[in-house]
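Subject: Structure for your files

Hello,

Here is the structure I said I would send. My notes follow below it.

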Amino acid sequence: MFQGSIVALITPFKNNEVDEKALRELVEFHIAEGTDAIVPCGTTGESATLSHEEHCHVIEIVIEQAKKRIPVIAGAGSNSTKESVFLTEHAKKSGADAVLSITPYYNKPTQAGLYQHFKTIAEHVDIPIILYNVPSRTGVNMLPDTVISLSKIKNIVGIKEASGSLDQAGAVLQHTDDSFDVISGEDSLTFPMMAMGAKGVISVVANAAPKKMAQMCKAMLNNDMLLGRKLHYELLDLCKGMFFETNPIPAKKAAYMMGLAENEIRLPLVEMAKENTQKLKSIMEKLNIKIVRD
């Protein structure tokens with residue numbers, strides 16, 4: 001259902017408010033650059049520091065601006081099942097094509113708790129749901145058996161797998177069919193995961209190099225392994241650079257240097273350190289990414 005390069009979109013701020021003009025321009029930028037789908041209000045979109053009102057407003061703006069030209073997968077997860085249902089209901093009402101639903105953070109639910117959490121959301125809201133497993137952020141790892149069980153629920157259609165384990169991704173791929181989309185959640189692992197059968201990536205790197213990331217995913221979907229590998233290695237330094245500091249600090253800085261958004265990030269995250277900024281700039285210049293300000 002969902003494949004290719006799916007950008008994990010930053011949320012631009014100006015004077016500590018959502019910058020609606022920049023947000024709309026980012027949607028247009030990604031459509032023009034060949035991005036296959038957009039995820040607003042994910043981790044990269046600083047969902048943790050958006051109010052409910054801001055969260056819902058960002059989703060609405062992106063859906064309105066996209067005008068069904070590309071799919072919008074709304075971030076709709078929380079560590080509260082009740083809150084997750086609320087955000088998922090809003091996404092459906094607003095016209096999202098799907099939602100991205102993170103494993104509950106801080107609570108540290110058991111595997112049985114994870115199953116019941118996502119089953120409850122799926123039963124309450126009839127919208128395609130992509131699970132999101134990112135233990136480095138949440139403190140809980142959703143194991144393959146749990147994912148495989150959830151894949152049997154009709155409207156749970158895929159997973160953004162960001163455990164960092166190719167074995168874990170492989171186990172899910174091995175025991176689910178083509179109706180369930182496994183999507184890379186780590187840019188640097190997109191090439192090997194797609195070689196194993198993943199359908200694409202929900203990408204931080206696509207904020208800075210959307211065209212090249214889309215080209216790599218397209219090559220892999222077309223079974224052009226040589227071109228996919230070439231593009232993977234071209235992007236690899238940027239994949240690392242986007243995580244010199246906590247995501248989305250480098251993504252915000254890259255967008256600023258490209259003239260796409262202000263370099264404004266919400267506490268407790270702070271602006272990128274100067275030495276890391278210089279390293280990121282150097283990587284971007286080698287990729288011929290146009291830099292219009294430092």
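Lys-108 counts as exposed because its relative accessibility is 58%; exposed means over 50% relative accessible area, buried under 20%, and partly exposed in between, with a 1.4 Å probe and protein chains only. Phi of Lys-108 is positive, near 55 degrees, and the residue is not a glycine. Lys-108 sits in the loop between strand 6 (98–102) and helix 4 (111–124). Helices (H or I, at least four residues) and strands (E, at least two) are DSSP runs, numbered from the N terminus.

This is a predicted model, in which local features need pLDDT of at least 70 and side-chain atom pairs count only at pLDDT 80 or more, while totals for chains, interfaces and linings use all residues. Residues are numbered from 1 along each chain as its sequence is written, and side-chain values use heavy atoms, with hydrogens and water left out.

Asn-223 also has a positive phi, of about 60 degrees, without being a glycine. Its place is the loop between helix 9 and helix 10, and at 70% relative accessibility Asn-223 counts as exposed.

Two cis peptide bonds should be noted. One runs from Asn-247 to Pro-248, with omega near 10 degrees; Pro-248 is in the loop between helix 10 (225–241) and helix 11 (249–257). The other joins Leu-267 and Pro-268, with omega about 15 degrees, and Pro-268 lies in the loop between helix 11 and helix 12 (274–286).

The largest nonpolar core has 83 residues, and Leu-131, Ile-156 and Leu-238 have the most contacts inside it. Such a core is a set of buried Ala, Val, Leu, Ile, Met, Phe, Trp, Tyr and Cys residues joined through side-chain atoms within 4.5 Å. Apart from this core lies another, of 16 residues, including Phe-2, Ile-6, Ala-37 and Ile-73. Neighbours within four places in sequence aside, Ile-156 is in contact with Phe-118, Ala-122, Ile-129, Leu-131, Leu-150, Ser-151 and Phe-180, where contact means heavy atoms within 4.5 Å.

Last, helix 1 (residues 20–33). Its 14 residues should span 20 Å at 1.5 Å a residue, and the end C-alpha atoms are 20 Å apart, which agrees; the expected span is 1.5 Å times one less than the number of residues. Buried in helix 1 are Ala-22, Leu-23, Arg-24, Leu-26, Val-27, Phe-29 and His-30. These buried residues pack against strand 1 (4–8), strand 3 (17–18), strand 4 (37–39), helix 2 (52–66) and helix 9 (210–221). Gly-34 follows helix 1 and has a positive phi, near 95 degrees.

Regards
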